[in-house]
Amino acid sequence: MTLRYLSVPAFIGLTPLALALALPMAAHAEGFLEDAKVNVMTRNYYFNRDFRNSSNIQQSKVEEWGQGFIMTATSGYTPGVIGFGLDLTGLYGIKLDSGRGRAGTQLLPVHDDGRAADDFGRLGATFKARISKTDLLLGELMPNVPVLRFNDGRLLPQTFRGATLTSKELDGFTFYAAQIRQVSLRNSSNMEDLSITTGGARQIRAASSDRFNYVGGEYTFNEKRTMVGVWHAQFEDVYKQNFFNLTHTQKFGDWSLGANLGYFTGEEEGQARAGNLDNKLFTGQLSAGIGGHKFTVGYQRVSGDNGWLSVNGSSGGSIVNDMFTQSFDNAKERSWQLRYDYNFAAMGIPGLAFMARYGHGDNIYVNAANDDGSEWERNFDVAYTFQSGPLKDLNMRWRNSMVRRDYGSNNDVDENRLIFSYPISIL
């Protein structure tokens, strides 16, 4: 069931407690209700993006403020060889401030007249079954695998509809399989077909499909310090993609060292609705931490005729140079990143964290007249989570970003985000 734009009175009947009581009352089997949990994440989100070269675009900035509620009600499993369960997800967002000249942050849906919706939301159900160490999920999903990661970067998360299978029957191995049929974007209450990411300098034309299939396997060994993964995705009639991944962590005296290496290959599939595609992307990251300090360097190289192949709206977290505003994944782009993190718990201030990073990309193929575009982005992130008292678990976060490009229409961006998140456990 999907809820379109909801009025506040309509939402009263969909409170998390009411949703929890909606779990089948006839299912009194031990474990189904005993292991049930109901949680609500409240998220207050202010977003301001200033287009510095406003003479080139109709809108000089986007600026909105909203309040979101993310409810998850999860059951346990019925007893027996095959256990069954049901999870519910309730999402609701309210406009606190916006305007026809400021809409478009993707916090809220935008009507045809350019005004943001007053509120929006949806309710989704996920049926689940478990046998031994194998889990089947059917319904509302938030996949978080290298070839398809849901996006939770705004007021409400992006969700998908389909089926996933995860198996851990063999020691050290995890196997995955899925078919995804539809998507609801993070500023939408509707389910729709999936589409390919375009825009920027990707050299990809728009296309959609209602089938995204993937299989994958990961093997963890060396006392869980090393993992290798192999993945294959088929976006039916659009693209197919392979991904190979290696991660490793290692102690070296007082230092903690890490490596994350990945390689994507992709091309057109079936009817090739997005055209003939050719993409290869290497992504690599090395890190070193000591005490509260962590230093990270990243490098990416895109080759072939197109940018990285991905589902529209999904997170770019599978590639190491994915930053707040961009992912440095355009056609033929080469990019690097320097990052510094500090955890103030090392100074006796637990809950306070700071991050700064800078990324730069060049050699971007924009068109025949510009085959050496460049861009850079700088990010700051400061977050604090209260450790005790009446505000315990309240997280406050400020994110600041600056982007400059020498291609495209709105290439210079200054951005600020203020996010307040508070988890509530109901059951």
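Guide: Happy to! This is a predicted model, in which local features need pLDDT of at least 70 and side-chain atom pairs count only at pLDDT 80 or more, while totals for chains, interfaces and linings use all residues. Residues are numbered from 1 along each chain as its sequence is written, and side-chain values use heavy atoms, leaving out hydrogens and water. The protein chain averages a pLDDT (the predictor's confidence in each residue, from 0 to 100) of 92.

Let's start at strand E12, residues 212–221. Strands here are DSSP runs of E, at least two residues long, numbered from the N terminus, and two of them pair if DSSP finds at least two bridges between them. E12 runs antiparallel to E9 (residues 173–184), with eight bridges joining them; threonine 174 stands opposite glutamate 218 there. E12 also pairs with E13 (residues 226–235), again in the antiparallel sense, over ten bridges. Four residues lie between E12 and E13 in their hairpin, where asparagine 222 has a positive phi near 60 degrees.

Now look at tyrosine 214, which stands opposite alanine 233 in E13. Its contacts (heavy atoms within 4.5 Å), not counting residues up to four places away in sequence, include Tyr176, Ile180 and Trp231. Tyr214 is also among the residues with the most contacts inside the largest nonpolar core, which has 31 residues. Such a core is a set of buried (under 20% relative accessible area, 1.4 Å probe, protein chains only) Ala, Val, Leu, Ile, Met, Phe, Trp, Tyr and Cys residues joined through side-chain atoms within 4.5 Å. E9 gives this core its largest share, four residues.

Methods. Buried < 20%, exposed > 50% of the residue type's maximum accessible area, 1.4 Å probe, protein only.
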